[in-house]
Amino acid sequence: MQKDKEFVGTLLGFDDFVNILLEDITQFEITPQGRRITKLDQISLNGNNITVLIPGGEGPEVRTEH
């Protein structure tokens with residue numbers, strides 16, 4: 001996505017304009033405070049904002065601090 005966001009989920013459908021519907025989503029967002037991770041049930045994404053699709057992608061590596 002544009003604006004430093006990445007969505008990982010299950011593809012439910014899409015149309016000719018690459019508008020997509022996802023479920024069981026993990027949203028990764030880069031903010032000035034660091035990386036924010038949000039869980040969502042379902043989302044519809046406008047194809048104009050999608051820059052790349054990666055089938056089978058797992059999203060960015062998530063580091064845990066100990």
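Contact here means heavy atoms within 4.5 Å. The structure shown in every view is a predicted model.

**View 1. Lys39 and its partners across the sequence.**
Lys39 sits in strand E3. Setting aside neighbours within four places in sequence, Lys39 is in contact with Ile25 and Thr26. Thr26 is 13 residues away from Lys39 in sequence, yet their C-alpha atoms are 4.7 Å apart. The two side chains also meet: Lys39 makes a polar contact with Thr26 at 3.0 Å. Is Lys39 buried or exposed? Lys39 has a relative accessible area of 62%, and the cut-off for exposed is over 50%, so Lys39 counts as exposed.

**View 2. The salt bridge between Glu29 and Arg36.**
A search of the whole structure turns up 1 salt bridge. Glu29 and Arg36 form a salt bridge, with their closest N and O atoms 3.6 Å apart. Arg36 is partly exposed, at 42% relative accessibility.

**View 3. Thr31 and the backbone of Gly34.**
Thr31 belongs to strand E2, which covers residues 20-31. The Thr31 side chain reaches the backbone oxygen of Gly34 at 2.6 Å. Thr31 counts as buried because its relative accessibility is 14%.

**View 4. Pairing of strands E1 and E2.**
Strand E1 spans residues 5-14 and runs antiparallel to E2. The two strands are joined by 8 bridges. Which residue of E2 is the bridge partner of Glu6? The partner is Phe28. The hairpin of E1 and E2 has 5 residues between the strands.

Val18 is found in the loop between E1 and E2. Its phi is near 65°, a positive value in a residue other than glycine. Val18 is partly exposed, with a relative accessible area of 35%.

**View 5. Asp24, a positive phi within a strand.**
Where does Asp24 lie? Asp24 is placed in strand E2. Its phi is positive, at about 50°, although Asp24 is not a glycine. Asp24 counts as exposed because its relative accessible area is 54%.

**View 6. The whole chain, for orientation.**
The protein has 3 strands and 0 helices. Along the sequence, the pattern reads β-β-β. Strand E3 covers residues 34-45. How much of the protein is buried? Buried residues make up 21% of its 66 residues. The protein exposes about 5,400 Å², and carbon and sulfur atoms supply 48% of that area. Among contacts between residues at least 6 apart in sequence, 39% join residues at least 24 apart.

**View 7. Confidence along the model.**
The mean pLDDT of the protein is 85. A pLDDT of 70 or more is reached by 88% of the residues. Which strand has the highest confidence, and which the lowest? Strand E3 is highest, at a mean of 94, and E1 is lowest, at 92.

Terms used: Residues numbered from 1 in each chain as written. Predicted model: local features only at pLDDT ≥ 70, side-chain atom pairs only at ≥ 80, totals over all residues. Heavy atoms only, no water. Salt bridge = Lys/Arg side-chain N within 4 Å of Asp/Glu carboxyl O. Buried < 20%, exposed > 50% of the residue type's maximum accessible area, 1.4 Å probe, protein only. Helix = DSSP H or I, 4+ residues; strand = E, 2+ residues; numbered from the N terminus. Areas by Shrake-Rupley, 256 points an atom, 1.4 Å probe, with all protein chains shown as cover. Polar contact = N/O pair within 3.5 Å; in protein donor to acceptor, adjacent residues only side chain to side chain. Pairing = 2+ DSSP bridges. pLDDT = per-residue confidence, 0-100.
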